[in-house]
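Thanks, everyone. I have one structure to go through today, and I will keep to the local features.

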Amino acid sequence: MAAIQWRPVPNHLTTPDSYSICFVSRGSAGLNDLASDITLHHPNFSKDDIITILHAEDEAILERLLNGEQVTKEGSLSWFPSFTGRLDNPDDPLPPLDECLHLNTRISAPFLEHLRQEAQTERLPMREKLPVITAAEDTVLGLRDVLRSDGMLRLTGNNLSFDRNDIGSHCLIEGTRSGSAVQSRVGTIANSEIVLMPDVPSQDDPWNNEYRLSVTTHYTEHGTPRTGTYKRMLRSPLSITLSSSGPPANIGILTGSATAPHVSVTGATMSEDTSLRIQVIQDLPGNRLLFNLLDMDKDGQAGEQVSLTTDGSLSLSGFTGSPLSSLALTVNDYAALWEMLRKEYGGRLVDTLDITST
């Protein structure tokens, strides 16, 4: 029997730093693997018979759960439904089941105790030392992942320190479509923090405002360079100039490295120039995208959400105190925006907009 593998992993949420114990999987076993294992100990049953029985067990458990029962498999697992959600009044209807109904499992104490008694463990070495960037914040606005050439960017993490006189060590900002800049206006350099005034490279089109950030350093004089890349994208503000003579042409927002904007601003109603943020959230249960406007404070005012499920136009209302009362948009490529949110932004994307009129 092989051992259960684990390795220590830095936990940067504690002060001082500590280490978490991380399980390292040797692989993944599926239905066919389980059936093969069972036939080794019960050769009177064929593999196909075992698979049929395992499927039948799932069906029987589901039927009992649908009957409103808790199902207990003595010596191993229990299954039971649970609900999440809020009711303002006791006689309110239940929210949609795809939002509130969940299924929980509980491991029996004897099963867990048996696992602990029989288990053997194997410690794996830590991964090589690398710069780890855990957060990037514009200190002027107090907003994360915002990249302003007139701002101050503060990076926090671990093992970030580098020698500014070492030509092989640097902080680099790269556009996801084009352009890169080694950062030269760096102030603080420490293991846990770097503060700099960003040099933001230009990209091919104005809507390409998405950037990657990395730190490269030597930990020893003759050691190999080690590079750590920030897992989130930085986004620079987008300048939008509205003309009184007609709607703006193709002012792209909420886009990555694409050669055409996923979303375009087509007009606005406002009393004076302003800066604000626009947010789009991927609502997976509703299979839709939710758009709304935000002020420039991290936890400030927000406009009403508007949903969209395909390419098309929409109008977003402003928030309390905003000089902008409405912003008109056209979603040019809903499918591409959906995929970008899912793969690269964890379902939420925010752009900063500097809006002026002529």
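This is a predicted model: local features need pLDDT of at least 70, side-chain atom pairs count only at pLDDT 80 or more; totals for chains, interfaces and linings use all residues.

Residues are numbered from 1 along each chain as its sequence is written, and side-chain values use heavy atoms, with hydrogens and water left out.

Start with the cores. A nonpolar core here is a set of buried Ala, Val, Leu, Ile, Met, Phe, Trp, Tyr and Cys residues joined through side-chain atoms within 4.5 Å. Buried means under 20% relative accessible area, exposed over 50%, and partly exposed in between, with a 1.4 Å probe and protein chains only. The largest core has 32 residues, and those touching the most other members are I253, L254, I278, F291, L327, L329 and L353. Helix α5, residues 334-344, gives the most to this core, with 5 residues. Another core, of 18 residues, lies apart from it; L147, L155, V186 and Y211 are among them. Helices (H or I, at least four residues) and strands (E, at least two) are DSSP runs, numbered from the N terminus.

How many aromatic pairs does a search of the whole structure find? It finds 1. Rings of Phe, Tyr and Trp (its six-membered ring) pair if their centres lie within 6.5 Å; planes under 30 degrees apart count as stacked, over 60 as edge-to-face and the rest as tilted. The pair is Y334 and W338, which is stacked, at 6.2 Å centre to centre and 25 degrees between the planes. Y334 and W338 are 4 residues apart in helix α5, so about one helical turn separates them. Y334 is buried at 9% relative accessibility, and W338 is buried at 13%.

Next, N209. This residue lies in the loop between β13 (193-196) and β14 (210-217), and is buried, with a relative accessible area of 1%. Its side chain makes a polar contact with the side chain of R235 at 2.9 Å. A polar contact is a pair of N or O atoms within 3.5 Å; within protein, one must be able to donate a hydrogen and the other to accept it, and residues adjacent in sequence count only if both atoms are side-chain atoms.

D145 has phi near 65 degrees and is buried, with a relative accessible area of 9%. N287 has phi near 50 degrees and is exposed, at 52%.
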